[in-house]
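Hi,

Here is the structure I promised to pass on. Have a look at it first, and then read my notes below.

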Amino acid sequence: MDNPKWWNIAVVALAAILSVMLLALSDPLPMPAMIGGQVTLLVFVAAWFTLGRMSWRSPRAGVAFITIMIVSTGIGTFIYPTLASLQCVAYPLLWTICDNRRRALIANIALAVTVAVAFMARFGFTSEAIVSAIFIATLSLGFSIALGLWISHIFDLSAERLQLLEELRAAEGNVAALHREAGIVSERERLSRELHDTLAQGLTGLVMITQGARRDLDAGSVERARNALDLLEENARAALIETRSLVASGAAVEVPGGIVPALQRLSERFERETGVAVTATADDLPALDRATEVVLLRCAQEALANIRKHSSATTATVEVHGSSAHIELRVTDDGV
(Lines give C-alpha, C1' and ligand atoms only; values in the text may rest on other atoms or scores of the structure.)
Protein backbone atom coordinates (compact mmCIF):
# COMPACT_ATOMS: atom_id res chain seq x y z
CA MET A 1 0.00 0.00 0.00
CA ASP A 2 2.97 2.31 0.34
CA ASN A 3 3.80 2.23 -3.37
CA PRO A 4 3.74 5.92 -4.51
CA LYS A 5 3.30 4.95 -8.16
CA TRP A 6 -0.25 3.69 -7.66
CA TRP A 7 -1.12 6.59 -5.37
CA ASN A 8 0.11 8.99 -8.08
CA ILE A 9 -2.40 7.47 -10.47
CA ALA A 10 -5.23 7.51 -7.90
CA VAL A 11 -4.68 11.14 -6.81
CA VAL A 12 -4.24 12.54 -10.32
CA ALA A 13 -7.13 10.53 -11.78
CA LEU A 14 -9.60 11.57 -9.06
CA ALA A 15 -8.54 15.22 -9.22
CA ALA A 16 -8.86 15.22 -13.02
CA ILE A 17 -12.34 13.68 -12.90
CA LEU A 18 -13.55 16.20 -10.32
CA SER A 19 -11.98 19.07 -12.26
CA VAL A 20 -13.81 18.02 -15.42
CA MET A 21 -17.06 17.71 -13.44
CA LEU A 22 -16.64 21.28 -12.20
CA LEU A 23 -16.11 22.55 -15.74
CA ALA A 24 -18.99 20.52 -17.20
CA LEU A 25 -21.70 21.50 -14.71
CA SER A 26 -25.07 22.11 -16.31
CA ASP A 27 -25.59 24.81 -13.72
CA PRO A 28 -22.16 26.49 -13.67
CA LEU A 29 -20.75 27.72 -10.41
CA PRO A 30 -19.95 31.38 -9.96
CA MET A 31 -16.49 32.18 -11.24
CA PRO A 32 -14.96 32.67 -7.76
CA ALA A 33 -16.37 29.29 -6.65
CA MET A 34 -15.17 27.65 -9.88
CA ILE A 35 -11.67 29.05 -9.37
CA GLY A 36 -11.73 28.11 -5.70
CA GLY A 37 -12.70 24.51 -6.52
CA GLN A 38 -9.97 24.16 -9.12
CA VAL A 39 -7.40 25.69 -6.77
CA THR A 40 -8.49 23.27 -4.04
CA LEU A 41 -7.92 20.31 -6.37
CA LEU A 42 -4.58 21.75 -7.46
CA VAL A 43 -3.50 22.21 -3.83
CA PHE A 44 -4.54 18.62 -3.09
CA VAL A 45 -2.45 17.26 -5.99
CA ALA A 46 0.51 19.54 -5.29
CA ALA A 47 0.52 18.59 -1.61
CA TRP A 48 0.64 14.95 -2.57
CA PHE A 49 3.61 15.30 -4.91
CA THR A 50 5.58 17.60 -2.59
CA LEU A 51 4.74 16.13 0.82
CA GLY A 52 2.59 13.02 0.50
CA ARG A 53 5.14 10.97 -1.42
CA MET A 54 7.67 11.57 1.39
CA SER A 55 5.24 10.67 4.17
CA TRP A 56 6.56 7.13 4.59
CA ARG A 57 10.10 8.42 5.11
CA SER A 58 9.42 11.70 6.93
CA PRO A 59 6.83 11.86 9.75
CA ARG A 60 6.80 15.69 9.56
CA ALA A 61 5.96 15.58 5.86
CA GLY A 62 3.20 13.09 6.67
CA VAL A 63 1.63 15.36 9.31
CA ALA A 64 1.80 18.36 6.98
CA PHE A 65 0.22 16.45 4.09
CA ILE A 66 -2.56 15.01 6.26
CA THR A 67 -3.40 18.50 7.51
CA ILE A 68 -3.49 19.99 4.01
CA MET A 69 -5.51 17.04 2.70
CA ILE A 70 -8.17 17.34 5.43
CA VAL A 71 -8.44 21.11 5.08
CA SER A 72 -8.58 21.06 1.27
CA THR A 73 -11.24 18.31 1.33
CA GLY A 74 -13.32 20.41 3.72
CA ILE A 75 -12.91 23.56 1.62
CA GLY A 76 -13.72 21.68 -1.56
CA THR A 77 -16.85 20.20 0.03
CA PHE A 78 -17.97 23.66 1.09
CA ILE A 79 -17.43 25.06 -2.44
CA TYR A 80 -19.05 22.13 -4.26
CA PRO A 81 -20.33 19.13 -2.25
CA THR A 82 -19.33 16.67 -4.97
CA LEU A 83 -15.71 17.50 -4.14
CA ALA A 84 -16.32 15.49 -0.96
CA SER A 85 -15.43 12.59 -3.27
CA LEU A 86 -11.84 13.43 -2.39
CA GLN A 87 -12.56 11.21 0.63
CA CYS A 88 -12.26 8.21 -1.71
CA VAL A 89 -8.50 8.81 -1.74
CA ALA A 90 -8.15 10.68 1.53
CA TYR A 91 -9.39 7.92 3.84
CA PRO A 92 -7.12 5.16 2.42
CA LEU A 93 -4.16 7.54 2.45
CA LEU A 94 -4.74 8.25 6.13
CA TRP A 95 -4.57 4.54 6.92
CA THR A 96 -1.37 4.05 4.93
CA ILE A 97 0.49 7.17 6.07
CA CYS A 98 -0.28 6.97 9.80
CA ASP A 99 2.16 4.68 11.57
CA ASN A 100 -0.37 3.21 14.03
CA ARG A 101 -4.10 2.58 14.34
CA ARG A 102 -4.68 5.24 17.03
CA ARG A 103 -3.35 8.07 14.85
CA ALA A 104 -5.18 6.73 11.82
CA LEU A 105 -8.49 6.70 13.75
CA ILE A 106 -7.91 10.27 14.98
CA ALA A 107 -7.13 11.44 11.44
CA ASN A 108 -10.21 9.65 10.08
CA ILE A 109 -12.44 11.30 12.69
CA ALA A 110 -10.88 14.70 11.93
CA LEU A 111 -11.61 14.25 8.22
CA ALA A 112 -15.19 13.13 8.86
CA VAL A 113 -15.87 16.08 11.20
CA THR A 114 -14.33 18.52 8.72
CA VAL A 115 -16.50 17.24 5.84
CA ALA A 116 -19.61 17.25 8.04
CA VAL A 117 -19.01 20.85 9.13
CA ALA A 118 -18.37 21.84 5.50
CA PHE A 119 -21.69 20.24 4.46
CA MET A 120 -23.56 22.06 7.19
CA ALA A 121 -21.87 25.35 6.35
CA ARG A 122 -22.67 24.85 2.66
CA PHE A 123 -26.39 24.09 3.16
CA GLY A 124 -26.98 26.07 6.34
CA PHE A 125 -27.06 24.84 9.90
CA THR A 126 -30.63 23.64 9.67
CA SER A 127 -31.78 20.48 11.41
CA GLU A 128 -32.17 18.73 8.07
CA ALA A 129 -28.68 19.74 6.93
CA ILE A 130 -27.16 18.75 10.26
CA VAL A 131 -28.83 15.31 10.20
CA SER A 132 -27.80 14.73 6.57
CA ALA A 133 -24.23 15.84 7.19
CA ILE A 134 -23.89 13.66 10.30
CA PHE A 135 -25.40 10.67 8.49
CA ILE A 136 -23.09 11.01 5.47
CA ALA A 137 -20.01 11.61 7.61
CA THR A 138 -20.83 8.72 9.94
CA LEU A 139 -21.46 6.37 7.03
CA SER A 140 -18.16 7.36 5.34
CA LEU A 141 -16.25 7.17 8.61
CA GLY A 142 -17.71 3.78 9.53
CA PHE A 143 -16.89 2.32 6.14
CA SER A 144 -13.37 3.76 6.29
CA ILE A 145 -12.72 2.42 9.79
CA ALA A 146 -14.04 -1.03 8.93
CA LEU A 147 -12.00 -1.19 5.73
CA GLY A 148 -8.93 0.30 7.37
CA LEU A 149 -8.97 -2.08 10.32
CA TRP A 150 -9.43 -5.04 7.98
CA ILE A 151 -6.54 -3.94 5.76
CA SER A 152 -4.39 -3.22 8.83
CA HIS A 153 -5.12 -6.71 10.10
CA ILE A 154 -4.05 -8.15 6.75
CA PHE A 155 -0.83 -6.15 6.89
CA ASP A 156 -0.19 -7.32 10.44
CA LEU A 157 -0.59 -10.91 9.28
CA SER A 158 1.72 -10.24 6.34
CA ALA A 159 4.32 -8.70 8.64
CA GLU A 160 4.03 -11.67 10.98
CA ARG A 161 4.39 -14.08 8.08
CA LEU A 162 7.41 -12.16 6.82
CA GLN A 163 8.97 -12.38 10.28
CA LEU A 164 8.26 -16.11 10.40
CA LEU A 165 9.84 -16.52 6.97
CA GLU A 166 12.92 -14.63 8.12
CA GLU A 167 13.11 -16.80 11.23
CA LEU A 168 12.68 -19.90 9.06
CA ARG A 169 15.51 -18.76 6.77
CA ALA A 170 17.69 -18.13 9.82
CA ALA A 171 16.80 -21.59 11.16
CA GLU A 172 17.59 -23.14 7.79
CA GLY A 173 20.93 -21.37 7.86
CA ASN A 174 21.62 -22.74 11.33
CA VAL A 175 20.60 -26.24 10.23
CA ALA A 176 22.86 -25.96 7.19
CA ALA A 177 25.74 -24.83 9.41
CA LEU A 178 25.10 -27.72 11.81
CA HIS A 179 24.88 -30.09 8.85
CA ARG A 180 28.21 -28.83 7.56
CA GLU A 181 29.76 -29.22 11.01
CA ALA A 182 28.30 -32.72 11.33
CA GLY A 183 29.67 -33.53 7.90
CA ILE A 184 33.10 -32.31 8.91
CA VAL A 185 33.02 -34.38 12.10
CA SER A 186 31.77 -37.41 10.18
CA GLU A 187 34.50 -37.02 7.59
CA ARG A 188 37.13 -36.73 10.31
CA GLU A 189 35.82 -39.90 11.94
CA ARG A 190 35.78 -41.70 8.59
CA LEU A 191 39.30 -40.57 7.80
CA SER A 192 40.42 -41.62 11.28
CA ARG A 193 38.97 -45.08 10.72
CA GLU A 194 40.59 -45.32 7.29
CA LEU A 195 43.96 -44.31 8.66
CA HIS A 196 43.65 -46.85 11.45
CA ASP A 197 42.51 -49.64 9.14
CA THR A 198 45.05 -48.97 6.38
CA LEU A 199 48.11 -46.86 7.12
CA ALA A 200 48.39 -47.70 10.83
CA GLN A 201 48.21 -51.42 10.20
CA GLY A 202 50.52 -51.15 7.21
CA LEU A 203 53.08 -49.21 9.22
CA THR A 204 52.80 -51.74 12.04
CA GLY A 205 53.62 -54.47 9.53
CA LEU A 206 56.57 -52.47 8.24
CA VAL A 207 57.94 -52.08 11.75
CA MET A 208 57.65 -55.81 12.43
CA ILE A 209 59.27 -56.74 9.10
CA THR A 210 62.09 -54.30 9.79
CA GLN A 211 62.64 -55.82 13.24
CA GLY A 212 62.72 -59.31 11.71
CA ALA A 213 65.19 -58.20 9.04
CA ARG A 214 67.47 -56.73 11.72
CA ARG A 215 67.40 -60.01 13.63
CA ASP A 216 68.22 -61.92 10.44
CA LEU A 217 71.18 -59.65 9.73
CA ASP A 218 72.43 -60.01 13.28
CA ALA A 219 72.19 -63.78 12.85
CA GLY A 220 74.08 -63.62 9.55
CA SER A 221 71.07 -64.84 7.50
CA VAL A 222 71.51 -62.55 4.50
CA GLU A 223 69.04 -64.39 2.27
CA ARG A 224 66.20 -64.11 4.81
CA ALA A 225 67.07 -60.46 5.36
CA ARG A 226 66.90 -59.87 1.58
CA ASN A 227 63.47 -61.51 1.46
CA ALA A 228 62.36 -59.32 4.33
CA LEU A 229 63.56 -56.22 2.46
CA ASP A 230 61.59 -57.30 -0.63
CA LEU A 231 58.52 -57.72 1.52
CA LEU A 232 59.22 -54.38 3.18
CA GLU A 233 59.32 -52.67 -0.22
CA GLU A 234 56.13 -54.38 -1.35
CA ASN A 235 54.24 -53.34 1.77
CA ALA A 236 55.60 -49.81 1.59
CA ARG A 237 54.36 -49.51 -2.01
CA ALA A 238 50.94 -50.80 -0.99
CA ALA A 239 50.79 -48.27 1.85
CA LEU A 240 51.81 -45.52 -0.58
CA ILE A 241 49.02 -46.49 -2.97
CA GLU A 242 46.46 -46.43 -0.17
CA THR A 243 47.74 -43.05 1.02
CA ARG A 244 47.50 -41.54 -2.45
CA SER A 245 44.00 -42.95 -2.86
CA LEU A 246 42.87 -41.37 0.41
CA VAL A 247 44.40 -38.01 -0.44
CA ALA A 248 43.22 -37.94 -4.04
CA SER A 249 39.64 -39.09 -3.72
CA GLY A 250 38.79 -38.31 -0.11
CA ALA A 251 36.85 -41.57 -0.11
CA ALA A 252 37.42 -45.09 1.14
CA VAL A 253 40.03 -47.13 -0.68
CA GLU A 254 38.70 -49.25 -3.52
CA VAL A 255 38.64 -53.06 -3.34
CA PRO A 256 40.14 -54.10 -6.71
CA GLY A 257 38.60 -57.26 -8.17
CA GLY A 258 36.06 -57.66 -5.39
CA ILE A 259 36.17 -58.87 -1.81
CA VAL A 260 37.36 -62.46 -2.48
CA PRO A 261 40.63 -61.56 -4.30
CA ALA A 262 41.19 -58.75 -1.80
CA LEU A 263 40.95 -61.17 1.15
CA GLN A 264 43.27 -63.61 -0.58
CA ARG A 265 45.86 -60.87 -1.18
CA LEU A 266 45.49 -59.78 2.44
CA SER A 267 45.99 -63.35 3.70
CA GLU A 268 49.04 -63.94 1.51
CA ARG A 269 50.69 -60.70 2.61
CA PHE A 270 49.90 -61.39 6.27
CA GLU A 271 51.42 -64.88 5.97
CA ARG A 272 54.62 -63.49 4.41
CA GLU A 273 54.89 -60.82 7.10
CA THR A 274 54.21 -62.99 10.15
CA GLY A 275 54.77 -66.60 9.14
CA VAL A 276 51.21 -67.42 10.29
CA ALA A 277 49.58 -69.69 7.72
CA VAL A 278 46.31 -68.04 6.65
CA THR A 279 43.59 -69.73 4.61
CA ALA A 280 40.99 -67.49 2.95
CA THR A 281 37.79 -69.12 1.72
CA ALA A 282 34.55 -67.72 0.40
CA ASP A 283 31.29 -69.29 -0.71
CA ASP A 284 29.47 -68.06 -3.78
CA LEU A 285 28.75 -64.53 -2.65
CA PRO A 286 26.18 -62.23 -4.24
CA ALA A 287 27.26 -59.02 -5.89
CA LEU A 288 28.24 -56.64 -3.09
CA ASP A 289 28.32 -52.88 -3.17
CA ARG A 290 31.64 -51.11 -2.67
CA ALA A 291 30.79 -49.91 0.86
CA THR A 292 30.01 -53.44 2.04
CA GLU A 293 33.22 -54.81 0.51
CA VAL A 294 35.26 -52.12 2.25
CA VAL A 295 33.64 -52.93 5.62
CA LEU A 296 34.39 -56.65 5.21
CA LEU A 297 38.00 -55.97 4.19
CA ARG A 298 38.57 -53.59 7.11
CA CYS A 299 37.08 -56.08 9.59
CA ALA A 300 39.36 -58.82 8.27
CA GLN A 301 42.39 -56.51 8.47
CA GLU A 302 41.59 -55.60 12.08
CA ALA A 303 41.05 -59.23 13.06
CA LEU A 304 44.38 -60.28 11.52
CA ALA A 305 46.08 -57.32 13.19
CA ASN A 306 44.78 -58.55 16.55
CA ILE A 307 46.06 -62.05 15.75
CA ARG A 308 49.49 -60.57 14.99
CA LYS A 309 49.58 -58.57 18.24
CA HIS A 310 47.98 -60.89 20.76
CA SER A 311 47.37 -64.45 19.54
CA SER A 312 50.80 -66.10 19.08
CA ALA A 313 49.00 -68.29 16.55
CA THR A 314 50.55 -70.46 13.84
CA THR A 315 47.47 -70.78 11.61
CA ALA A 316 44.39 -68.68 10.91
CA THR A 317 41.30 -68.93 8.73
CA VAL A 318 39.28 -66.17 7.06
CA GLU A 319 35.81 -67.28 5.90
CA VAL A 320 33.11 -65.27 4.15
CA HIS A 321 29.69 -66.62 3.27
CA GLY A 322 26.10 -65.46 3.08
CA SER A 323 23.35 -64.28 0.79
CA SER A 324 22.04 -60.97 -0.55
CA ALA A 325 20.35 -60.30 2.82
CA HIS A 326 23.09 -61.50 5.17
CA ILE A 327 26.88 -61.64 4.97
CA GLU A 328 29.04 -63.29 7.65
CA LEU A 329 32.79 -62.87 8.08
CA ARG A 330 34.49 -65.33 10.45
CA VAL A 331 38.19 -65.14 11.41
CA THR A 332 39.61 -67.90 13.62
CA ASP A 333 43.10 -68.90 14.80
CA ASP A 334 44.81 -71.54 16.92
CA GLY A 335 46.49 -69.08 19.26
CA VAL A 336 45.89 -68.15 22.87
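**What I found**

Let's begin with Ser 312, which is found in the loop between α9 (290–311) and β2. Helices and strands here are DSSP runs (H or I, at least four residues, for a helix; E, at least two, for a strand), numbered from the N terminus. Before you go on, note that this is a predicted model, where local features need pLDDT of at least 70 and side-chain atom pairs count only at pLDDT 80 or more, while totals for chains, interfaces and linings use all residues. Residues are numbered from 1 along each chain as its sequence is written, and side-chain values use heavy atoms, with hydrogens and water left out.

Is Ser 312 buried or exposed? Ser 312 is exposed, because its relative accessible area is 63% (exposed means over 50%, buried under 20%, partly exposed in between, using a 1.4 Å probe and protein chains only). Ser 312 also has a positive phi of about 55°, although it is not a glycine. Most residues other than glycine have a negative phi.

β2 (residues 315–322) pairs with β3 (residues 327–333) in the antiparallel sense, over 7 bridges; a pair needs at least two bridges found by DSSP. The two form a hairpin with 4 residues between them, and Glu 319 stands opposite Arg 330 in β3.

Val 276 sits in the loop between α8 (259–274) and β1 (277–282). With a relative accessibility of 8%, Val 276 counts as buried. What does Val 276 touch, not counting residues up to four places away in sequence? The list is Phe 270, Glu 271, Ala 313, Thr 314, Thr 315 and Ala 316, where contact means heavy atoms within 4.5 Å. Thr 314 is 38 residues from Val 276 in sequence, yet their C-alpha atoms are 4.7 Å apart in space.

Now for the helices. Leu 18 belongs to α1 (residues 4–23) and is buried, at 2% relative accessibility. Its contacts, leaving out residues up to four places away in sequence, include Leu 41, Thr 82 and Leu 86.

The buried residues of α3, among them Phe 65, Ile 66 and Met 69, pack against α2 (31–50), α4 (87–97) and α5 (101–123).

Why is α4 described as largely enclosed by the rest of the structure? Because 9 of its 11 residues are buried, including Tyr 91 and Trp 95. Tyr 91 and Trp 95 are also in contact with Ser 144, as is Asn 108. Ser 144 is in helix α6 (residues 127–218) and is buried at 6%.

Finally, the largest pocket is lined by 28 residues, with Thr 96, Ile 97, Cys 98, Asp 99 and Asn 100 nearest its centre. α3, α4, α5 and α6 each supply at least two residues of that lining. On a 1 Å grid over the protein atoms alone, a pocket is an open set of points where a 1.4 Å probe fits, with protein on both sides within 12 Å along at least five of seven lines, and lining residues have an atom within 4 Å of a point.

Cheers
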